[in-house]
Amino acid sequence: MNYRHAYHAGNFADVLKHALLLALIEALKHKPAPFCVIDTHAGSGCYALDSVEADKTGEYKDGINRLLFPDLAGASHEPLPPLLRRWLDSILALPGNEHGVKLYPGSPLQAAQAMRDIDGAQLCELHPEEAARLRELFHRDPRVHVHERNGYEALKALLPPKEKRGLVLIDPPYEAQEAEYRLIEQTLKEALQRWPGGIYAIWYPIKRRSQVQPFLRWLTHCGAKRVLRAELLVHGGDSPLRLNGSGMAIINAPWQLDETLREPLRAMARLLAQGHPAEWKLDWLVDEAAPAPPART
Ligand code: SAM
């Protein structure tokens with residue numbers, strides 16, 4: 001376990017992942033009943049962008065900073081779509097960020113900020129130091145429970161949540177790509193049996209596109225009735241040597257989530273492109289609710 005999210009916090013992949021996370025939580029808030037957010041790979045919860053780690057890679061400069069300072073990206077100053085505006089404002093509202101983003105909240109803190117008092121969160125993190133930071137961050141928040149354990153294994157015990165509605169975020173480090181995908185598939189297979197109605201959001205890296213294809217194919221026959229895919233490629237090409245883009249597959253995506261995400265994705269592509277125009281995709285891998293095409297005569 002060498003991966004530390006502190007090196008990558010706030011990069012272009014986090015922008016996509018965390019804006020989508022906000023969209024999902026906002027959709028869950030449309031109903032008054034409480035919900036649960038389960039984060040299987042939570043990280044430490046909050047990252048200082050002036051740390052040695054963030055400074056070493058500088059990845060946030062081509063991520064969240066591009067949304068704050070579009071001219072750095074050579075992009076025009078256009079108003080952000082409402083979802084991205086709310087997302088950015090929630091980060092700027094963190095104590096310490098009054099004069100720019102010094103602290104970048106990870107998925108647990110972003111979820112906790114967006115949740116209501118009645119909602120709950122279960123956070124799993126396997127690395128002892130990251131888990132200790134996470135526990136410290138939330139020790140005064142009775143809605144949040146931190147588990148220092150393997151998120152794939154913990155999920156079996158956590159499903160279905162007592163709230164009976166909510167979201168599972170699966171955001172592993174993909175240190176061994178093939179093995180990670182197979183572990184995700186096995187975990188999702190069991191999770192869908194225990195809790196078929198839950199929303200499952202799986203973040204994935206895109207280096208060489210062919211590496212993702214088997215997982216996307218698996219999703220099309222995993223048994224779910226609705227699977228939405230959102231992808232953003234900020235680099236041209238198909239190099240295995242760098243992160244060219246990332247995606248999120250959303251099982252049981254809320255109604256009309258695709259419409260909510262269309263303009264934000266277009267804006268992210270405009271602001272986060274590196275060198276070449278960015279490519280993005282937003283489509284249903286499975287949509288059994290879609291009307292059947294007209295019969296041929
Ligand atoms: N979700 C976080 C966010 O968006 O802010 C970032 C998570 S980071 C990509 C992946 C995290 O998973 C790392 O902190 C790593 O220590 C942790 N990890 C790796 N394997 C794990 C496992 N099997 N169960 C739980 N956590 C694990």
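Start by selecting His 18 in this predicted model: it has 24 C-beta neighbours inside 10 Å, so it counts as buried, the cut-off being 20 or more. His 18 sits in helix H1, which spans residues 12-28.

Keep Ser 107 on screen and bring up the ligand. There are 21 residues around the ligand, and those that come nearest are His 41, Gly 43, Gly 106, Ser 107 and Gly 151. Colour the shell by residue class and you get 8 nonpolar, 8 polar and 5 charged.

Next stop, the annotation. An unreviewed UniProt entry places the feature "binding site" at His 18, His 41, Ser 107, Glu 125, Asn 150, Gly 151 and Asp 171.

Click on His 41. You'll find it in the loop between strand E1 (36-39) and strand E2 (46-48). His 41 counts as buried because it has 22 C-beta neighbours inside 10 Å. Beyond four places in sequence, its contacts are Cys 124, Gly 151, Ile 170, Asp 171 and Pro 172.

Now step back along the chain to E1. Cys 36 and Ile 38 point one way, Val 37 and Asp 39 the other way, and all of them are buried. Which strands pair with E1? Select residues 120-124 for E4, which runs parallel to E1 over 4 bridges; there, Leu 123 is the bridge partner of Asp 39. Then select residues 166-170 for E6, also parallel to E1 and joined to it by 4 bridges. To finish, look across from Val 37: Leu 167 of E6 stands opposite.

Methods
Residues numbered from 1 in each chain as written. Predicted model: local features only at pLDDT ≥ 70, side-chain atom pairs only at ≥ 80, totals over all residues. Near = placed C-beta within 6 Å. Nonpolar A, V, L, I, M, F, W, Y, C, P; charged D, E, K, R; others polar. UniProt positions renumbered as here; feature names shortened; annotations may be inferred. Helix = DSSP H or I, 4+ residues; strand = E, 2+ residues; numbered from the N terminus. Buried ≥ 20, exposed ≤ 12 C-beta atoms within 10 Å, placed from the backbone. Contact = placed C-beta atoms within 7 Å. Pairing = 2+ DSSP bridges.
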